[in-house]
Amino acid sequence: MQLWRSRGTVCLFCAFRPPVSTAQRAFTTSLGLQGARLKHKGKKGREKSPAEKPSQSLGRRTLTPAFPDVVQSALLELQKEVERKDPSMAGWTRFERHVTNACELDASRHRGKWSSLLSTKTQLQQAFMERGQKGVSEALQELYKAEEFTNNYSAPNLEQHRKITDLRYPPEWYPQARSMQRVIHLHVGPTNSGKTYHALKRLEQCRNGFYAGPLRLLAQEVYHRFKDKGVPCSLVTGDEVKLPEEGHSRIVSNTVEMVSFADQYDVGVIDEIQMIADPHRGWAWTRAVLGSRAAELHLCGETRSVPLIRELAALTGDKLEIHRYERLNPLKVAGQSLKGNLNNLQKGDCLVSFSRVGIHALKSDIEKMTGRRAAIVYGGLPAEIRTQQANLFNDPNNDYDFLVASDAIGMGLNLSCKRVIFETLVKRNASGLVRLTVPEIKQIGGRAGRYRAANQSQGSNKAGDDNSNVGWVTALEDVDLPYIRQAMDVEPPPLQAAGILPPDEVYQRFSEYFPRNVPIQYLVKRVMGIARVNSPFFLCEPQNQLMNATILDTVPDLRIEDHLTFLAAPLYVRDPDAREAATAFIRCVSQHAGGRLVDFSELHLEVLEQPVSGLKTYMTELESLHKSLILYLWLSFRFGGVFTDRSLASHVKELVEERMMCALAEFSSSLKLRKDASLRRQIALAKQIHLQKMLLAEDDTDPDEEDEMPLGLDSESNPDISFIEETDRGVSSSSPNA
């Protein structure tokens with residue numbers, strides 16, 4: 001089946017091609033590629049050399065220098081510069097060999113696994129795509145400085161450093177948990193099988209316990225569930241702590257990064273255990289599984305996690321009991337899509353979109369075209385509004401017939417959907433456009449047909465009605481349906497390994513061998529580069545830590561303990577305003593200055609005085625301020641003596657959220673822009689992939705010749721399961737306490 005064909009025999013790349021050839025221009029979709037184009041735009045008076053224009057055209061590679069050639073050219077320039085400063089050229093041969101080997105590395109064989117060569121290649125490729133040959137030259141200079149640190153401080157102490165970074169036995173990092181005889185209950189099955197329900201029922205019966213979920217959204221849902229039942233419960237996330245008004249808390253509802261190892265529990269529940277193999281966040285699940293001091297540890301997730309959990313239980317000496325569940329109702333893929341027509345929606349439908357603006361645009365379109373109400377649920381909404389919206393949709397006796405939600409519904413939200421309809425299968429993450437993987441499609445689509453769907457009242461099922469509670473999965477547009485049908489029929493392979501990151505103690509001991517001014521980015525890369533890991537573990541990619549380090553290395557006089565805290569902080573590096581505020585917060589800690597909220601000029605609080613507007617610029621300012629307030633609250637729990645205005649920050653955050661809701665309500669959607677949106681996204685995704693391959697001299701195909709995109713069986717190709725604001729990086733991988 002040719003998934004990439006549409007409109008008869010015309011391929012997707014030709015579907016919107018004009019009949020007359022247009023002038024060639026750069027086609028960029030990722031932020032990095034856009035930045036490269038915008039950086040050179042408007043500079044008149046001279047023609048850019050090919051090396052300075054990495055993103056030129058989707059035509060042929062002859063218009064763009066090959067990536068290896070650019071690296072070799074930059075290496076020659078750097079060699080001349082180094083030779084002028086040090087005629088002996090000490091260490092140059094090793095450095096040159098490392099860079100050459102990195103450029104020749106087959107990255108596809110190392111996907112989802114950390115290695116120093118892969119890190120070097122990724123850094124050079126990113127620099128090339130963003131800033132051309134100049135970016136490659138700057139990246140090589142940074143790499144050579146790191147090589148000098150290695151030659152002067154690490155190489156002479158390599159044996160000691162290898163001992164410090166020996167990460168082969170993660171179960172031994174948690175001696176208190178190893179001293180217990182735990183029983184691990186693994187609840188596995190498809191979505192809508194009741195596995196999490198049974199685990200939470202056991203948690204409700206215990207004397208004390210905890211729940212650990214992948215999103216703040218789920219932690220808050222469990223918190224409200226127990227609170228409504230009268231069970232004393234507390235909520236602990238990275239930037240929010242709620243305690244019972246009276247008495248002691250029996251249950252603690254956490255995000256998985258915030259699980260406490262200081263306390264002993266009768267029962268612990270860790271949700272979405274298949275995330276243990278995620279190349280970015282898997283360390284948090286591994287840490288929770290190995291270190292939780294719970295007599296009964298209940299793990300809930302997909303069946304493909306069974307072999308890995310069985311192996312981990314053997315390593316820890318814990319008893320393992322596996323509970324298998326079957327889906328409570330059938331799940332089928334519809335024979336046709338909605339043909340892009342929102343009038344084909346039925347009561348109880350859930351439409352899945354992947355951007356905040358897109359969710360509100362769909363809500364507006366649905367209500368205009370159908371005359372009926374649509375509830376919305378996504379991670380950026382305040383908890384009270386999310387709960388209210390979910391309850392409105394779940395109640396079959398009101399006029400809220402539809403739900404528009406983010407992919408957060410794939411992570412266990414208890415919503416009564418009859419059909420799950422994908423607006424598109426392509427979404428944007430930090431690196432650009434990505435296609436949903438098979439596990440994501442199955443998990444999100446599996447939410448269809450809850451045990452009592454929204455369009456059914458209790459007791460309305462009639463005997464013999466085979467379709468009374470069948471879950472249906474479909475798409476808004478025809479172009480996505482073949483891929484959905486294939487994905488729902490494919491079984492993802494078993495998980496192979498659990499992710500880990502070096503504990504904080506490793507960095508603390510490692511840093512003692514270096515001067516105080518050594519960049520924290522170098523320390524992270526060096527530790528990751530020489531660390532040893534045994535099966536069934538792998539090193540997660542320290543993407544968040546390295547991004548945070550780019551800010552930390554600009555602020556002097558930070559202690560290593562402060563560095564490690566900020567490495568785990570929710571710093572939004574790509575947002576200019578949020579980055580500016582984060583730098584001010586870090587500088588405040590470095591200088592031991594006061595951290596009153598109103599004293600930070602980098603926080604643009606004046607936006608709250610502006611009238612509410614549906615303009616994108618106004619919404620962007622609110623989002624940046626909201627991110628900065630989340631960071632302030634996060635830091636107030638780690639540097640309480642510095643960031644003292646926690647209550648004021650919480651109040652301002654609520655004001656921002658109110659204005660965000662009003663601003664999104666003002667958003668005016670365009671039916672013309674929404675039409676064929678998924679088709680255009682898939683074209684953009686395919687062009688982005690081809691452009692990146694072309695720039696890096698790794699592709700000999702023409703985009704018009706590609707017929708199909710392969711199914712993504714692993715979640716590794718797309719680690720961002722949900723909106724970035726929904727995840728909670730919480731604490732660093734080694735912090736023992738919440």
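How are helix 17 and helix 19 oriented to each other, roughly parallel or roughly perpendicular? Here are some notes to get you going; keep in mind that this is a predicted model.

1. Start with that helix pair. Helix 17 (residues 520-530) packs with helix 19 (residues 560-567) at an angle of about 75°, and their axes are 11 Å apart. Angles of 65 to 115 degrees count as roughly perpendicular, so helix 17 and helix 19 are roughly perpendicular to each other.

2. Who makes that contact? On helix 17 you'll find Ile520, Leu523 and Val524, and on helix 19 Ile560, His563 and Leu567. Sorted by type, the contact residues come out as five nonpolar, one polar and no charged.

3. Eight strands form an open sheet with mixed pairing, in the order 4-3-5-2-6-7-1-8. Its edges are strand 4 (241-242) and strand 8 (319-324), each of which pairs on one side only.

4. Further in, strand 3 (residues 233-236) and strand 5 (residues 251-255) run parallel and are joined by four bridges. Look for Val236, whose bridge partner in strand 5 is Asn254.

5. Helix 11 (residues 306-316) lies across strand 1 (183-188), strand 7 (294-301) and strand 8, and runs at about 160° to strand 8.

6. Helix 8 (residues 195-205) has Lys195, Ala199, Leu200 and Leu203 buried. These residues sit on the same side of helix 8, because they cover an arc of only 120° around the axis. The buried residues of helix 8 pack against several elements, including strand 1, strand 2 (209-213), helix 9 (216-228) and strand 6 (265-270).

How values were computed: Residues are numbered from 1 along each chain as its sequence is written. This is a predicted model: local features need pLDDT of at least 70, side-chain atom pairs count only at pLDDT 80 or more; totals for chains, interfaces and linings use all residues. Side-chain values use heavy atoms; hydrogens and water are left out. Two strands pair if DSSP finds at least two bridges between them. Helices (H or I, at least four residues) and strands (E, at least two) are DSSP runs, numbered from the N terminus. Contact means heavy atoms within 4.5 Å. Axes are lines fitted to C-alpha atoms, for helices over the stretch in contact, and angles run from 0 to 180 degrees between N-to-C directions. Buried means under 20% relative accessible area, exposed over 50%, partly exposed in between (1.4 Å probe, protein chains only). The arc is that of the directions from the helix axis to the C-beta atoms. Angles under 35 degrees count as roughly parallel, over 145 as roughly antiparallel, 65 to 115 as roughly perpendicular and the rest as oblique. Ala, Val, Leu, Ile, Met, Phe, Trp, Tyr, Cys and Pro count as nonpolar, Asp, Glu, Lys and Arg as charged, and the others, Gly among them, as polar.
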